[in-house]
Amino acid sequence: MTDPIADYLTRLRNAIKASHRIVEIPASNIKKEMTKVLFDKGYIQNYKFEENGPQGTIKIALKYNPATKQNAIVSLSRISKPGLRKYVKHGDLPRVINGLGIAILSTSKGVMTDKEARVEGIGGEVLCYVY
């Protein structure tokens, strides 16, 4: 697998389209941090890190609106790819849907959203957009 972050986003996207409640994803440190950001911002209902095997897994409970059965995540898109990395300075941080969505960044201070990076005054690699 050449791009584990794209695999993570694709597994989430496929589980949402199939209306699954829980999705299991092979774990890595950056995937764990991205999961924590999605949980903190209210895009997923819950998560659990399981240490089974050499790598471990992440179990993510997806969040749905009970009345309309619509998922909290409308779109997940990978921005920085292995063939073309996208780095931004703190002054050029992206705004996803005019601030309604989030951009997840990998910075020198860890994985965070674009809003948190603006407050910290740092830039980094734009991993994905979520809204």
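Q: What makes a stretch of the chain a helix or a strand here?
A: Helices are DSSP runs of H or I with at least four residues, and strands are runs of E with at least two, numbered from the N terminus. By that count the protein chain has three helices and eight strands. Along the sequence they follow the pattern α-β-α-β-β-β-β-β-β-α-β.

Q: What kind of model is this, and how are residues numbered?
A: This is a predicted model, where local features need pLDDT of at least 70, side-chain atom pairs count only at pLDDT 80 or more, and totals for chains, interfaces and linings use all residues. Residues are numbered from 1 along each chain as its sequence is written, and side-chain values use heavy atoms, with hydrogens and water left out.

Q: Why is α1 called oblique to α2?
A: Axes are lines fitted to C-alpha atoms, for helices over the stretch in contact, and angles run from 0 to 180 degrees between N-to-C directions. Helix α1 (residues 4-17) and helix α2 (residues 29-40) pack at about 40°, with axes 10 Å apart. That angle makes α1 oblique to α2. The classes are roughly parallel under 35 degrees, roughly antiparallel over 145, roughly perpendicular from 65 to 115, and oblique for the rest.

Q: Which residues make the contact between α1 and α2?
A: Contact means heavy atoms within 4.5 Å. From α1 come Pro4, Ile5, Tyr8, Leu9 and Leu12. From α2 come Ile30, Lys31, Met34, Thr35 and Leu38.

Q: Why is Ser75 called buried?
A: Buried means under 20% relative accessible area, exposed over 50%, and partly exposed in between (1.4 Å probe, protein chains only). Ser75 has 19% relative accessibility, so Ser75 counts as buried. Ser75 lies in the loop between β3 (57-62) and β4 (76-78). Across the protein chain, buried residues make up 41% of the 131 residues.

Q: What does Ser75 touch, not counting residues up to four places away in sequence?
A: Ser75 touches Tyr129, Val130 and Tyr131. Ser75 and Tyr131 are 56 residues apart in sequence, yet 5.4 Å apart in space, C-alpha to C-alpha.

Q: How do you know that the radius of gyration agrees with a compact globule?
A: The radius is taken over C-alpha atoms, and the globule rule is 2.2 Å times the number of residues to the power 0.38. For 131 residues a compact globule would have a radius near 14 Å; the protein chain has 15 Å, which agrees.
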